[in-house]
Amino acid sequence: MSGARPLTVVVVDDSLTTRALIAAALRRDPRVKIVGTAGTPFEARDLIVQLNPDVLTLDFEMPSMNGLQFLEKIMRLRPMPVVMVSGHLSSHRGLVEQSLRMGAAEWYSKTTAANGEDPFAGLGDAIVWAAAMKRQAPVTVDTDAANRTVPKIGTVVGIGASTGGVEALTDVLGHFPVACPPTVIVQHMPRQFSESFARRLDRLVKPEVRLAEEGDMLKPGTVYVASGGERHLRVRCGARSGEYVCQLVAAPPVNGHRPSVDELFYSLATTVGKNAVGVILTGMECDGAQGLLAMRHAGASTIGQDRASSVIYGMPRAASELGAVETQLPLSAIGPAILNLCERRSLETYP
């Protein structure tokens with residue numbers, strides 16, 4: 001966030017001590033700025049009206065009105081990014097899912113800190129993540145999606161994205177029907193946010209979205225998202241002819257990233273070849289350009305997001321300048337284009 005305005009935050013917690021600990025932790029984070037603290041939902045309501053903060057941190061357990069009750073009122077009267085804070089996250093699993101369905105952007109558990117560490121050391125990351133998630137454009141749903149045929153397993157979609165990809169992927173997948181082509185995604189992000197990202201996409205779009213696991217068989221109707229930080233995601237042939245599976249590889253970073261978009265695209269070029277569709281979305285630098293070129297050389301269809309609709313045009317530009325992009329499109333047209341290409345290739349391959 002270099003050069004960007006710090007995110008303004010109101011902290012809501014009934015414990016004066018906890019409010020002080022959160023404030024101390026966030027004061028060390030230049031990305032955020034506390035503009036107010038409140039001990040009750042009623043005080044918080046007034047501060048929200050007065051200060052119009054970017055993000056709210058909300059204690060789950062408060063007197064007079066619990067966090068879920070207040071969250072419901074916030075989302076009905078003044079929707080905003082909210083990070084739910086709990087000291088006992090493991091005992092609140094059902095409530096976590098309920099709050100996320102109600103509109104909370106993220107949960108933060110102070111019990112996740114290691115011994116001796118500040119229990120709120122990672123709260124700044126959660127706040128930044130919540131703000132980014134809430135900036136997503138409304139999901140655009142393809143009105144013809146329900147009438148599309150189930151694609152043959154021979155067609156696999158690979159998508160790579162970085163900065164701005166959270167919003168872009170939501171738009172692209174918003175066009176996909178329940179029976180979408182099997183889709184594998186590398187989105188550059190810290191490991192601790194991968195699960196939240198996949199979970200949120202799963203709620204927002206029609207197909208099933210989940211983190212990719214070793215040996216997952218690619219099947220229509222499922223989107224597989226690479227977990228950040230530890231392993232590359234590749235696609236390899238399965239035990240049976242025409243079967244593709246996820247492969248997680250603990251190899252050094254590529255282009256400074258692990259997982260790398262290039263690693264995914266190279267594997268699709270080698271394994272799926274002409275029956276793949278590769279898509280490069282908004283992001284910095286050049287990860288994915290060489291891999292997308294390999295896909296195009298292997299006969300796959302390739303799409304790049306255009307400059308005007310990209311938050312950062314670095315990755316699509318690098319791929320385009322390399323000759324890897326067959327078709328360049330605005331973000332709103334990419335989802336429908338993917339589906340049309342998959343249908344066309346299925347018809348060509350399976351007459």
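About 40 Å³ of space lies in the largest cavity of this predicted model. A cavity here is a set of points on a 1 Å grid over the protein atoms alone, where a 1.4 Å probe fits but cannot get out. Grid points are joined across faces, edges and corners, and the volume is the space filled by probe spheres set on them. Why roll a probe at all? Rolling a probe the size of a water molecule over the atoms shows where empty space is left. With a threshold of 30 Å³ or more, the count comes to 1 cavity.

As for ground rules, residues are numbered from 1 along each chain as its sequence is written, and side-chain values use heavy atoms, with hydrogens and water left out. Because the model is predicted, local features need pLDDT of at least 70 and side-chain atom pairs count only at pLDDT 80 or more, while totals for chains, interfaces and linings use all residues.

Zooming out, the chain has 11 helices and 14 strands; these are DSSP runs numbered from the N terminus, with helices being H or I of at least four residues and strands E of at least two. Of its 351 residues, 55% are buried, where buried means under 20% relative accessible area, exposed over 50%, and partly exposed in between (1.4 Å probe, protein chains only).

The largest nonpolar core holds 33 residues, and Ile159, Leu281 and Ile338 touch the most other members. Such a core is a set of buried Ala, Val, Leu, Ile, Met, Phe, Trp, Tyr and Cys residues joined through side-chain atoms within 4.5 Å. Helix 11 (331-349) is among the elements that each supply at least two residues, and its share, 7 residues, is the largest. Leaving out residues up to four places away in sequence, Ile338 touches Val157, Ile159, Val172, Phe176, Val279 and Ile303, a contact being heavy atoms within 4.5 Å. A separate core of 30 residues includes Leu218, Val261, Leu268 and Met315.

What about disulfides? The structure holds 0 of them, a disulfide being a pair of cysteine sulfur atoms within 2.5 Å. The sulfur of Cys180 is too far for a bond, because the closest cysteine sulfur, in Cys342, is 8.9 Å away. Cys180 is buried at 0% relative accessibility, and Cys342 is buried too, at 1%.

Helix 9 (residues 289-297) has Ala289, Gly291, Leu292, Leu293 and Met295 as its buried residues. Their cover includes helix 8 (261-271), strand 12, strand 13 (301-305) and helix 10 (314-322). Just after helix 9, Gly299 takes a positive phi of about 100°.

Finally, there is Val311, in the loop between strand 13 and helix 10. Val311 counts as exposed, at 54% relative accessibility. Val311 and Gly164 are 147 residues apart in sequence, yet their C-alpha atoms are 5.4 Å apart in space. Setting aside residues up to four places away in sequence, Val311 touches Thr163, Gly164 and Thr282.

Notes:
1 Å grid on protein atoms, 1.4 Å probe; cavity = no way out; pocket = protein on both sides within 12 Å on 5 of 7 lines; lining within 4 Å.
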